[in-house]
Amino acid sequence: MISQDLLEILRCPACVREKEGLLKLERETWLVCQEPDCGRKYPIKDDIPVMLIEEGDKWASVAVEELPVPPPDD
Ligand SMILES: [Zn+2]
């Protein structure tokens, strides 16, 4: 579980320069960008959010309900 304080400061790295890039926590293990034209999803592995654009890209086309829980190790 990651802290609320941390959640509040995290932003989608692909969006934050031009937009808010707010993230929503889904099923305790994913952070989903709320920008409608983004859809990147960032896994939380061992309580550490993996905030890499290339990681977010991997999951952009996967529906929230189809995200694996827990996120896979690679
Ligand atoms: Zn985004």
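Author: Leaving out residues up to four places away in sequence, Ile44 touches Ile2, Thr29, Trp30, Leu31 and Pro49; a contact here means that the C-beta atoms, placed from the backbone, lie within 7 Å. The model is predicted, so local features need pLDDT of at least 70 and side-chain atom pairs count only at pLDDT 80 or more, while totals for chains, interfaces and linings use all residues. Residues are numbered from 1 along each chain as its sequence is written.

One of these contacts is also a pairing: Pro49 in strand 4 is the bridge partner of Ile44. Helices (H or I, at least four residues) and strands (E, at least two) are DSSP runs numbered from the N terminus, and two strands pair if DSSP finds at least two bridges between them. Strand 3 and strand 4 pair antiparallel over 2 bridges. Their hairpin has 2 residues between the strands, and Asp46 there has a positive phi near 50°. Asp47, in the loop between strand 3 and strand 4 (48-49), also has a positive phi, about 70°, although it is not a glycine. Most residues other than glycine have a negative phi. Asp47 counts as exposed, with 11 C-beta neighbours inside 10 Å. The burial classes count other C-beta atoms, placed from the backbone, within 10 Å of a residue's own: 20 or more is buried, 12 or fewer exposed, and in between partly exposed.

Strand 3 itself is mostly covered, with 4 of its 5 residues buried. The loop between strand 1 (23-26) and strand 2 holds Glu28. Glu28 is not a glycine, yet its phi is positive at about 65°, and with 11 other C-beta atoms within 10 Å Glu28 is exposed.

Ile44 is also part of the largest nonpolar core, whose 10 residues are Cys12, Ala14, Cys15, Leu23, Trp30, Leu31, Val32, Cys33, Tyr42 and Ile44. Such a core is a set of buried Ala, Val, Leu, Ile, Met, Phe, Trp, Tyr and Cys residues joined through C-beta atoms within 7 Å. Strand 2 and strand 3 (41-45) each supply at least two residues of this core, and strand 2 gives the most, with 4 residues.

Cys33 belongs to strand 2 (residues 30-33) and counts as buried because it has 25 C-beta neighbours inside 10 Å. Beyond four places in sequence, the contacts of Cys33 are Cys12, Cys15, Gly21, Leu23, Cys38, Gly39, Arg40 and Gly56.

As for the whole, the chain has 2 helices and 4 strands, arranged along the sequence as α-β-β-β-β-α. The radius of gyration (over C-alpha atoms) is 11 Å, close to the 11 Å that the globule rule gives for 74 residues, so the chain is as compact as a globular protein of that length; the rule is 2.2 Å times the number of residues to the power 0.38. Buried residues make up 20% of the 74. In the segment after helix 2 (53-59) lies Pro70, which is joined to Val69 by a cis peptide bond with omega of about -5°.

How values were computed: Contact = placed C-beta atoms within 7 Å.
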